[in-house]
Amino acid sequence: ALAKGDASDVRRRLADPEWRAMRAKETPLTGDDAFALVAKDPAKRGSGVRRAFDVASSGDLAWTIGGDASCRECGSYYRIWRWRDGGWRLFVDLATP
């Protein structure tokens, strides 16, 4: 969905109520301010191939990293996920150009 430019809708469905967005040269933001920040991203930002992931032994926290040098507009990303309300919720979304 991110590769198709549906990032805003995807993040709204998956975001943890306490989520944070981090972008280069920007202050980390939360809530609606975070949604406004990521809405400025180029259409494919953060949609590169997932390179690695892991889940904490507690089962309630996970991370994913990704990016692809052949897709410059995709950038690179690091995301932290929280298990909440019966599903994985995006807790931290860090994307770089």
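**Disulfide, sheet and salt bridges in a predicted model**

In this predicted model, both C71 and C74 are buried. These two cysteines form a disulfide in which the sulfur atoms lie 1.9 Å apart, and the structure holds 1 disulfide in total. The link of C71 and C74 is right-handed, with 60° about the S-S bond.

The strands were examined next. Strands of a sheet pair through backbone hydrogen bonds, and this pairing may be either parallel or antiparallel. Here, 6 strands make up an open sheet with mixed pairing, arranged in the order β2-β1-β6-β5-β4-β3. Because β2 (29-30) and β3 (50-55) stand at the edges and each has a single partner strand, one side of each is left without a neighbour in the sheet. Helix α2 (residues 31-38) packs on the sheet, where the helix touches β1 (15-23), β2 and β6, and its direction makes about 45° with that of β1. Within the sheet, strand β5 (residues 76-84) pairs with strand β6 (residues 87-96) in the antiparallel sense, over 9 bridges; W81 stands opposite L90, a residue of β6.

Charged side chains were then considered. Side chains of opposite charge can pair when their charged atoms come close. The count of salt bridges comes to 9. One of them joins the side chains of D32 and R12, with an N to O distance of 3.8 Å. Since D32 lies in helix α2 and R12 in helix α1 (residues 7-14), this pair ties together parts that are 20 residues apart in sequence. D32 is exposed, its relative accessible area being 58%, whereas R12, with a relative accessible area of 48%, is partly exposed.

A salt bridge is also formed by E18 and R82, whose closest N and O atoms are 3.7 Å apart. Because E18 belongs to strand β1 and R82 to strand β5, the pair ties together parts that are 64 residues apart in sequence. E18 is partly exposed, with a relative accessible area of 38%, and both E18 and R82 belong to a network of salt bridges that links them with D16 and R84.

In a further salt bridge, the side chains of D41 and R23 meet at 2.8 Å, N to O. This pair links distant parts of the chain, as D41 is found in the loop between α2 and β3 and R23 in strand β1, 18 residues apart. Both D41 and R23 are buried.

Technical notes. Residues are numbered from 1 along each chain as its sequence is written. This is a predicted model: local features need pLDDT of at least 70, side-chain atom pairs count only at pLDDT 80 or more; totals for chains, interfaces and linings use all residues. Side-chain values use heavy atoms; hydrogens and water are left out. A disulfide is a pair of cysteine sulfur atoms within 2.5 Å. Buried means under 20% relative accessible area, exposed over 50%, partly exposed in between (1.4 Å probe, protein chains only). Two strands pair if DSSP finds at least two bridges between them. Helices (H or I, at least four residues) and strands (E, at least two) are DSSP runs, numbered from the N terminus. Contact means heavy atoms within 4.5 Å. Axes are lines fitted to C-alpha atoms, for helices over the stretch in contact, and angles run from 0 to 180 degrees between N-to-C directions. A salt bridge is a side-chain nitrogen of Lys or Arg within 4 Å of a carboxyl oxygen of Asp or Glu.
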